[in-house]
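User: Could you take me on a close look at the aromatic rings and the core around them? I would like one connected picture.

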Amino acid sequence: MKKIILILSFVLLFGFFVRSCTDQRLGNDGAVAEEYAPEAEVMTIRHSIGTEVKNLNPAFPLTFDEGNLFFNIYETIVKLDSNGNITQGSANSWEVSQDNLVYTFHLRDTMWSDGSKLTSRDFFNGFKYILERETESPFAYKLFPILNAKAFHDKLVDENELGINIVDDNTLEIILERPREDILKILTLPYFVPLKSEQRFQLKAEKESYPNVTNGKYFIDKESKEGFIILKRNPYHYDYDIEKDKDIIIELITIENSSNRISAFQTGVVDIASNILPKEGDYLMAEEGRYEFTGYGNFYYILNSSKYPFNDMSLRDIAVRSAQVELISEGVNGDGNLTSLDMLSSRINQNIYSKIESQILDRQIINQGQNIDLGLLFRESGFIDRISILSFEEEKDIKTAIALKSVLEKTLGIGVDLNISSMRDIPKEELINYDIIQYPGFENIGSILDVMEFWIWNYPEISLEISEELEAEIIQRDISPNEEDYLELLVEIGNEINEGNVFLPVYNKSTTNLIKPYIQGLDISKHGFLLYDNIMIEKK
């Protein structure tokens, strides 16, 4: 009984502490909080996220929490619905030419959050900003299917020869180099959003920015502060409902520790808690609220095959086989098991997923040589003393990197230097100095194809040692992104990668959320992000 009282006392005390910390983020003694406190009739929904939102520049990699915010404050020209089908975004219709080379988009009569008109020029600005070489966006290659896009990126042609034409204020024409069935899907990604002319120049100067004007259903309120972001409805959005939308405010509160996010959820400090591990949230499902699965990804570390020791395939093989996935997972999750594969949403094609699972996830290389001293082989092959790892700064990334470091030190008997940083903080020319580099991205089901394409275009100096024929096929992507064809190429790439031991599959990450039962209308995009479009509070 005493233990129960102590536990309850701690939970209540923690709730008070988190609330106090939240008030302190808003200002000394909660002064700003009182000043901004919503009126009684306003519905305020508090959502705890796991990482500080530092960057909302579409040209650069976003953390999951940044991407989640991005999809709510910006709207792309077309979107994916919950079934993964292309649907209307800022364009309410489009036509495709008979030869599948010209896409003509007709924009809605809609506005930015400051009341100015959204035009086709704004989308031209956004696409041009990503493609400009000075921007140094790692996602420019995604637009290379557009006529002369790569030549523009390489400064061989000017913007007048770019296959993006402003027909009039409400009409944008995109011309492709050759037919690309996945071009509409590419345009749903959060990097390809409209930018006003002055925003484009501001982003070029600052590289990191909180946009003060956006075209999505929400905008960031000027009272937002570090660790505490306030979202309000965009009253100029075409889908704005004057009867209900004016009464909703979303507060995004940064709580970096997963256990603390759960405690804040339990004590009612927040209504939604994101980035919760399955084993941490299962026990809350029945009594505390809903437990929503939103995404799944495979995460990889890349072995730098242009640098010793990993330019030697035999040493790569030893390193990969010695980094046992079970041991790394145990260091991250504490249970020795990878995240459950059974939580996949029904929206994902189960048949295709099972093929990907068997072809890729189950091929993670485990140490088969039980009687071989892999560390001795590794060390004696070249008198290697140390290797270096570059990882990223999200909570689970750090845990995984530490676990990987520990496993490699133990099995190989060498020193491992670990650098925790943001990808955008590492100069491109310095990446080649690392032996093992984490892949900086999140895709549902973590396609190796996406990883390969990213590195081939952006970091060609870090050799992946695949065949020229396969590299050409990846670059050209003359392949329909339908499930069977895409999967065949995915499997072929996976086979060649594993044979060359270029990638180290380290862990699988699910993105999940705890949601109070009175929160209704919260949708999940096909990209795995929470959408506040129709969110509301039913009577508590």
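Tyr-459 is buried, at a relative accessible area of 7% (buried means under 20%, with a 1.4 Å probe and protein chains only). This is a predicted model, in which local features need pLDDT of at least 70 and side-chain atom pairs count only at pLDDT 80 or more, while totals for chains, interfaces and linings use all residues. Residues are numbered from 1 along each chain as its sequence is written, and side-chain values use heavy atoms, with hydrogens and water left out.

The structure holds 14 aromatic pairs; rings of Phe, Tyr and Trp (its six-membered ring) pair if their centres lie within 6.5 Å, and planes under 30 degrees apart count as stacked, over 60 as edge-to-face and the rest as tilted. Tyr-191 and Phe-192 are edge-to-face, because their planes stand at 85°, with ring centres 5.8 Å apart. Trp-455 and Tyr-459 form a tilted pair, since their planes are at 40° and their centres 4.4 Å apart. Trp-455 is buried too, with a relative accessible area of 1%, and Phe-192 has 0%.

Key: Buried means under 20% relative accessible area, exposed over 50%, partly exposed in between (1.4 Å probe, protein chains only).
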